[in-house]
Amino acid sequence: MVRDGGNLLTRAGLALPAVDQDDSVVRYAAGPAEVVEHLRAMGESNAVQQRQRYLGKDVPLAAGAAYSNMFGSEVDGSVQATYQVMYLAGWSPHEAQQQPAKRGSATVSFQELATGLQDSGKATGGSGAIAAFALTPPPSPPLLAAPLRPVPPRASAPPSPETIGALTSLRITFFGLDLWSLCTWQSDVEALVNEQRTRTNVSMAYLTAPGMCYSALKALNYTTLLNTSLPVEQLMPGLDYFVADITGVLRSYFTDESLSVGASDYCAGNRTDSTFYNSTTPVNGTWATLHVMVTVSSPSPQGLTVLPTTMQLRNLQRNW
């Protein structure tokens with residue numbers, strides 16, 4: 001990639017090309033949908049003129065699932081993307097710049113140069129190689145204004161050890177609860193989606209597909225998407241209701257008033273085969289899943305010593 005950038009500068013007629021590259025890894029809590037939004041905002045969508053104009057919903061769903069499987073985190077459900085930023089600089093040709101010597105104009109062969117270096121190294125006890133030939137430095141390039149590199153964002157101060165010890169992140173999977181139900185709870189959003197489907201090609205299956213998250217749904221522009229002025233809090237009240245409900249349930253479950261519990265995000269999961277028990281009767285089935293990212297904090301590192309493990313959270317029962 002760096003070599004291609006240098007070749008591009010040379011083909012453009014610039015001299016003394018200089019290329020540098022930075023790799024930046026960015027994590028997206030909302031999953032692959034947020035990655036696509038950022039790529040579109042950067043203009044990094046498909047630029048092929050003969051590209052396919054229509055893309056069925058199965059393709060992005062499959063691509064999102066594959067991307068989550070390859071680059072997703074099992075801890076919080078986020079995905080990562082690596083961006084390569086290249087910095088290219090070149091100068092207009094100038095007579096003061098160093099120029100390569102003409103072919104055949106050399107007065108010293110490489111063999112003679114190697115022999116001189118070996119002899120010089122022996123003369124100094126073999127501790128180093130001093131060139132036996134005086135090589136004049138090339139002339140400096142003209143003083144031109146080099147393009148400024150963008151200033152990197154200021155890194156935030158690292159958290160203190162006390163803060164690190166007082167934070168715990170949990171990923172809880174709920175079986176039998178799906179994102180579709182939360183979106184359509186006491187809402188007419190499904191009817192609005194169906195009315196605009198011929199224009200937007202967006203369906204409820206797309207909005208609630210595995211990998212879609214609460215944060216991504218909150219960030220969508222529903223004025224453009226569904227031609228409605230209702231805010232998302234009124235359009236789909238079940239989304240925020242679930243956050244408040246699960247937060248209250250977990251606070252009651254931990255029974256420690258000093259702990260601060262919050263559901264930072266939740267995402268739709270794949271339907272999963274599992275067995276549950278109704279009293280002593282096993283119930284087998286394929287269940288919808290919902291992955292909830294929970295953050296538990298305490299004013300002191302010792303406050304989390306009483307925090308139940310994720311295995312103990314299996315005892316948590318709630319009738320939604």
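Reader: What is the handedness of the disulfide formed by C213 and C267?

Author: In this predicted model, the sulfur atoms of C213 and C267 lie 1.9 Å apart, and a disulfide requires sulfur atoms within 2.5 Å. The torsion about the S-S bond is about 100°, so the disulfide is right-handed.

Reader: Is C213 buried or exposed, and what is the relative accessible area of C267?

Author: A residue counts as buried when its relative accessible area is under 20%. C213, at 0%, is buried. C267 is likewise buried, with a relative accessible area of 5%.

Reader: Which residues of helix α1 are buried, and within what arc do they fall?

Author: Helix α1 (residues 2-11) has G5, G6 and L9 as its buried residues. An α-helix has 3.6 residues a turn, so residues three or four places apart point the same way. Seen down the axis of α1, the buried residues line one face of the helix, because they fall within an arc of 100°.

Reader: Against which strands do the buried residues of α1 pack, and which exposed residues does the opposite face carry?

Author: The buried residues of α1 pack against β1 (15-28) and β2 (79-91). On the face turned away from that buried side, the exposed residues are R3, L8 and R11.

Reader: Which residues touch the most other members of the largest nonpolar core, and which helix gives the largest share of this core?

Author: In soluble globular proteins, nonpolar side chains tend to be buried together. The largest nonpolar core here has 37 residues, and L179, L239 and Y266 touch the most other members. The largest share of this core, five residues, comes from helix α13 (residues 237-254).

Reader: Where does the side chain of T289 reach a backbone oxygen, and at what distance?

Author: T289 lies in strand β7 (residues 289-297) and is buried, with a relative accessible area of 3%. N270 is one of the residues that T289 touches, along with T173, F174, F175, L177, A268, G269 and T272, not counting residues up to four places away in sequence. The side chain of T289 reaches the backbone oxygen of N270 at 2.7 Å.

Reader: What is the phi of Q186, and what is that of N227?

Author: Most residues other than glycine have a negative phi, and most peptide bonds are trans. Q186 lies in the loop between α6 (179-184) and α7 (189-195) and is exposed, with a relative accessible area of 63%; N227 lies in the loop between α11 (222-226) and α12 (232-235) and is exposed at 60%. Although Q186 is not a glycine, its phi is positive, about 50°. N227, also not a glycine, has a positive phi of about 55°.

Reader: Which residues does F71 touch, not counting those up to four places away in sequence?

Author: F71 lies in helix α3 (residues 58-71) and is partly exposed, with a relative accessible area of 34%. The C-alpha atoms of F71 and R27 are separated by 9.7 Å, although these residues are 44 residues apart along the chain. The residues touched by F71 are R27, S78, V79 and Q80.

Reader: What percentage of the residues in the chain is buried?

Author: The chain comprises 13 helices and seven strands. Of its 320 residues, the buried share is 27%.

Notes:
Residues are numbered from 1 along each chain as its sequence is written. This is a predicted model: local features need pLDDT of at least 70, side-chain atom pairs count only at pLDDT 80 or more; totals for chains, interfaces and linings use all residues. Side-chain values use heavy atoms; hydrogens and water are left out. Buried means under 20% relative accessible area, exposed over 50%, partly exposed in between (1.4 Å probe, protein chains only). Helices (H or I, at least four residues) and strands (E, at least two) are DSSP runs, numbered from the N terminus. Contact means heavy atoms within 4.5 Å. The arc is that of the directions from the helix axis to the C-beta atoms. A polar contact is a pair of N or O atoms within 3.5 Å; within protein, one must be able to donate a hydrogen and the other to accept it, and residues adjacent in sequence count only if both atoms are side-chain atoms. A nonpolar core is a set of buried Ala, Val, Leu, Ile, Met, Phe, Trp, Tyr and Cys residues joined through side-chain atoms within 4.5 Å.
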